[in-house]
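Open the model in your viewer and keep the sequence panel beside it. The tour below moves from one selection to the next.

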Amino acid sequence: MKLLASTVLAALLALPAFSDTIPITLDIVNADGAPDGFSRSMVTANGTYPGPLITANKGDTLVVTVNNLLDDPTMRLSTSLDFDGILVDTGNSFDEGSSFVTTCPIAPNASYTYVVPLVNNQTGTFWYHSQLSVQYVDGLRGALIVYDPDDPLKDLYDVDDENTIWQVGDWWHNSTLPMLAGYVATGIVPVSDSGTFNGVGRFNGGPEVPFFVVDVVQGTRYRFRIINTSARNVFTMSVDSHNMTIIETDGMPTSPMTVNSLDLLAGQRYSVVVEANQPVANYWINAPYVGGSPARNLNQNATLSRAILRYQGAPEEDPTSPMSLGPADEELNALVEANLRPLVASPAPEADINITLNLVVTAGKAQWNVNNVSYLAPEVPTLVKILDGANSTDDFNVTENTFILPPNKIIQVIFPPSEDDEEHPFHLHGNNFWLIKSNSSDEINTENPIKRDVAGVGSTGTIMRFSTANPGPWFFHCHIFWHLQAGLATVMASGLNETRAEVHPTQAWTELCPAYNALSPDLQ
């Protein structure tokens with residue numbers, strides 16, 4: 001532990017003097033819980049699902065100590081933590097948290113401290129989760145909010161605090177090891193038993209777990225930060241009798257857009273302003289979801305996925321209106337992603353390199369392919385190979401699906417239209433991208449596209465552009481983690497010489513791989 005402390009101290013001394021450090025301790029433990037009324041052992045941070053809220057201000061540095069205390073052999077016993085959506089500089093890429101890409105997992109009964117500077121004045125709505133296999137399905141996920149004291153949109157809302165965060169997610173009664181074995185045997189992705197809203201849900205035939213209550217005061221405007229922490233499900237959010245004004249997309253401020261319904265793919269986040277401008281009463285917050293056929297899991301009833309918006313002075317009871325899936329027909333004013341615009345408009349830079357990614361599933365198998373390659377995590381992480389001198393694709397396994405890219409270029413990634421019936425939320429680690437063409441439209445927008453870090457890939461095709469001015473090996477994968485485990489992933493490795501010049505890992509990081517590799521398979 002002295003060595004761990006000394007390496008962390010060295011990293012902190014390198015930070016700017018004006019940076020506030022936020023110390024956080026996460027004990028990764030197995031704990032019994034019943035989010036939807038069904039009791040099971042979970043993988044948790046500090047014993048709760050979702051895990052504890054992490055908050056910071058613009059320019060701060062997170063110092064997150066993870067103590068791996070897992071001991072339930074029905075789930076993975078090692079772990080790794082990823083801070084989803086947080087921008088990561090090249091020099092700090094070793095603390096980015098992607099198992100077998102930028103690091104090795106943390107062994108049982110071991111600790112590791114991630115030092116995460118919040119760079120480029122980044123603010124917004126993010127989250128953290130396990131990045132080892134499908135472990136976060138078992139519960140290791142939580143919100144991470146970076147506040148902006150100078151938010152240019154702060155005049156649009158009155159309240160933005162720990163009580164205005166909505167975490168929705170899919171939930172399973174079984175643990176991941178047997179579910180993953182079933183997926184491998186059949187090629188059928190597991191279907192969730194329920195959906196949860198801030199850790200609370202219901203399933204068919206289950207107990208009537210009290211719905212989560214969001215308290216509001218009439219006449220007040222609230223910034224609700226919505227995070228889809230799912231490993232598969234798409235959630236559709238709405239509030240009966242209320243509009244929602246979108247002001248943030250995946251950590252990026254957007255020009256205000258008013259809707260009454262919006263979809264969130266796995267990993268996506270939005271901030272919406274809701275004005276409590278209706279008569280004092282209780283109103284349903286609708287959070288139905290889709291993710292596979294409900295016929296494969298009779299516990300599933302998406303209509304039960306919801307919460308209550310309760311005005312001050314309203315009785316403590318469920319709303320009297322019927323449960324619905326939200327606005328429909330002529331009342332529906334749903335978000336069309338392609339219509340979003342950045343708060344500060346700017347054109348996307350011209351592309352220097354074009355890459356086309358074709359996504360194909362192997363029929364009847366738990367195997368997804370990107371350009372005919374199914375990603376398989378290597379024994380030696382990508383970053384370790386780069387630091388050891390890897391220079392070309394020949395230095396990586398074919399199954400690592402690693403694209404070697406020059407630094408300081410603009411890469412355009414084209415996903416052709418797909419016939420797959422499930423939209424794939426592709427996520428770029430450590431960076432974000434310009435969304436040139438959304439899957440929601442045929443429009444190509446290079447004049448003022450939004451930037452985000454998770455976008456759907458599906459029936460109409462998607463085009464993104466990202467910069468390699470921030471070199472490193474960055475995981476680029478489907479955020480349906482069952483699909484990721486089945487190979488739906490690539491690594492965008494840019495500026496290998498620059499990476500070697502800028503990355504100077506701590507001794508504690510260097511020791512992660514030998515410790516993990518020494519474990520027996522049941523402890524990994």
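Two strands pair if DSSP finds at least two bridges between them; strands (E, at least two residues) and helices (H or I, at least four) are DSSP runs, numbered from the N terminus. This is a predicted model, in which local features need pLDDT of at least 70 and side-chain atom pairs count only at pLDDT 80 or more, while totals for chains, interfaces and linings use all residues. Residues are numbered from 1 along each chain as its sequence is written, and side-chain values use heavy atoms, leaving out hydrogens and water.

Select residues 244–249, strand β15. Six of its six residues are buried (under 20% relative accessible area; exposed is over 50%, partly exposed in between; 1.4 Å probe, protein chains only).

Glutamate 248 stands opposite proline 253 in β16. Two residues separate the strands of this hairpin, where aspartate 250 has a positive phi near 50 degrees.

Next, show residues 269–275, strand β18: four bridges pair it with β15, again in the antiparallel sense. Here tyrosine 270 is the bridge partner of threonine 249.

Now go to asparagine 233, in the loop between β13 (221–228) and β14 (234–239). Is asparagine 233 buried or exposed? It counts as buried because its relative accessibility is 0%. Its side chain makes a polar contact (N or O atoms within 3.5 Å; within protein, one able to donate a hydrogen and the other to accept it, and residues adjacent in sequence count only if both atoms are side-chain atoms) with the side chain of serine 192, at 3.0 Å.
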